[in-house]
Amino acid sequence: MSRSTSKTIYPEKPEEKDGQRNKEGLGDLPAPFAPLDLPPPDEYFQRKVALISGITGQDGSYLTEFLLEKGYTVHGIIRRSSSFNTGRLHHLYEDQHERPNKFHLHYGDLTDSTALVFLMARILPTEVYNLGAQSHVKVSFSLAEYTADVDAIGTLRLLDAIRTCGLTKHCRFYQASTSELYGLVQEVPQSETTPFYPRSPYGVAKLYAYWITVNYREAYGMYAVNGILFNHESPRRGRTFVTRKITRAQACLWLGNLDAKRDWGHARDYIEGMWLMLQGLDGSEPTDFVLATGETHPVREFVEKAFGVVGIKLSWSGSGVDEEAKDISTGKVVVKIDPQYFRPAEVELLHGNPAKAERMLGWKRKVNFDDLVKEMVEADLTAVRNFVEDQN
Ligand code: NAP
Ligand code: GDD
């Protein structure tokens, strides 16, 4: 990209016209701001440069692989941590020599506006994927304020960093919205028009993030969209989410609510949907999409299927906190209930309707429920056999 050096890189001074001064005697700043010297959007978009918050997470790592394959330069924001947090990206670092200068990590945080503005101005992305979040629903009841700061205000900070750098028309923004917005579901299945009723501090924070994304789209004409994604899992899923907890189980498995139902898909399928949402929609106005499988399964069924992959059949007995499952062939108890995993307010049922994404994006999930469970169990078995300490 060629960038002319003839124009100033400083913000324009506000014009001070009579009657335009507010009570403090300050002139209104023109919006959008234009502090950087940028080529017109058409020329700017010839580059393919993605900035990803949450790059070290499950989705961030799959999205990075996907975008690098498509020829993007990928920049990711990572948090400073005293423990190792880039395990899911390790293989991409090793591939660096095959794609020199295509993959960059930068320290930053969704709670740090200055860092976000600095990165935005330095990287000049064409696509921003906001995947960073305190993403654990149960934990959000313990860390409600922090979850709001990162998941809600963090989204605002990132959107404002785009505006501050004058990139309003120069970059597209993806917000990782969630089926947790539906919470106490108001209709079944849930679609883009289903009313929201979040049931956790996480869900409420994500509600703000959803609406601020819509608001910036409407107020400033930004290409900013929400992907309302139902649960998606993989061998890279964090270990404290129920699917991964189940597939890693080696001794007795202590779980919470076995009756909760989820619409579980494979993370890799959902990454493609995120990217499709930012590819222009054939000239249609930017809009929000549900990504889901259209099926729902109880946690209990995930448990049965996972044990089934290693040939163990279960028999259930008892109820409530006294429910347990035994291995039929050995009589050994393999699943028990621990109330500490119950939530103060539960989302009992999620069941998505992906019709709009299928119609407008041509998106469809490829991996079915049984294959998802199998892949996760087999990946964990392989890791155990090879004594591989995974970093997820
Ligand atoms: P994840 O594995 O928990 O990853 C979350 C990412 O956010 C990690 O990279 C984490 O960094 C980062 N992060 C946390 N706090 C941050 C902060 N203060 N500043 C910057 N980054 C921060 O989540 P995921 O499953 O990949 O999900 C990606 C996004 O989609 C999240 O926003 C999640 O809420 C949303 N979502 C997920 C699902 C799903 O089923 N997976 C469904 C709907 C929506 P560390 O590695 O340093 O912790
Ligand atoms: N984590 C966990 N641990 N959940 C359990 C357990 C347990 O031991 N036992 C039962 N569950 C139930 C939970 O009560 C919940 O109803 C269901 O299993 C799924 O829990 P999680 O795997 O923790 O995921 P989630 O549905 O709460 O949230 C995930 O999906 C959302 C999209 O709907 C996260 O990825 C969120 O970030 C995401 O937005």
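**Entry 1: charges over rings**
I began with Arg 236, which lies over the face of Tyr 62, 4.0 Å from the ring centre. A reminder to myself: this is a predicted model. Next I looked up Arg 237 and found it over the face of Phe 241, also with 4.0 Å to the ring centre.

**Entry 2: ring pairs**
How many aromatic pairs does the structure hold? I noted twelve. I picked out Trp 264 and Phe 302, an edge-to-face pair with 5.2 Å from centre to centre and 65° between the planes. Buried or exposed, I wondered about Trp 264 and Phe 302? Both are buried.
I also traced a cluster in which ring pairs link Tyr 182, Phe 196, Tyr 210, Trp 211 and Phe 230.

**Entry 3: around ligand 2**
Which of the 25 residues around ligand 2 come nearest? My list reads Thr 178, Ser 179, Tyr 202, Arg 343 and Glu 346. I sorted the shell by class and got eleven nonpolar, eight polar and six charged residues.
Then I turned to the backbone. A polar backbone atom of Thr 240 is 2.9 Å from a nitrogen atom of ligand 2, and one of Gly 256 is 2.8 Å from a nitrogen atom of the ligand. For Val 242, a backbone N or O atom lies 2.8 Å from a ligand oxygen atom. Taken alone, ligand 2 exposes 710 Å², and the protein buries 95% of that. Helix H8 (242-247) and strand E8 (253-255) are the elements that give two or more residues to this shell.

How values were computed
Residues are numbered from 1 along each chain as its sequence is written. Chains are lettered from A and ligands numbered from 1 in the order in which they are written. This is a predicted model: local features need pLDDT of at least 70, side-chain atom pairs count only at pLDDT 80 or more; totals for chains, interfaces and linings use all residues. Side-chain values use heavy atoms; hydrogens and water are left out. Rings of Phe, Tyr and Trp (its six-membered ring) pair if their centres lie within 6.5 Å; planes under 30 degrees apart count as stacked, over 60 as edge-to-face and the rest as tilted. Buried means under 20% relative accessible area, exposed over 50%, partly exposed in between (1.4 Å probe, protein chains only). A charge sits over a ring if NZ of Lys or CZ of Arg is within 6 Å of the ring centre and within 35 degrees of the ring normal. A residue is near a molecule or strand if one of its heavy atoms lies within 4 Å of it. A polar contact is a pair of N or O atoms within 3.5 Å; within protein, one must be able to donate a hydrogen and the other to accept it, and residues adjacent in sequence count only if both atoms are side-chain atoms. Accessible areas come from the Shrake-Rupley method with a 1.4 Å probe; for residues, only the protein chains shown count as cover. Helices (H or I, at least four residues) and strands (E, at least two) are DSSP runs, numbered from the N terminus. Ala, Val, Leu, Ile, Met, Phe, Trp, Tyr, Cys and Pro count as nonpolar, Asp, Glu, Lys and Arg as charged, and the others, Gly among them, as polar.
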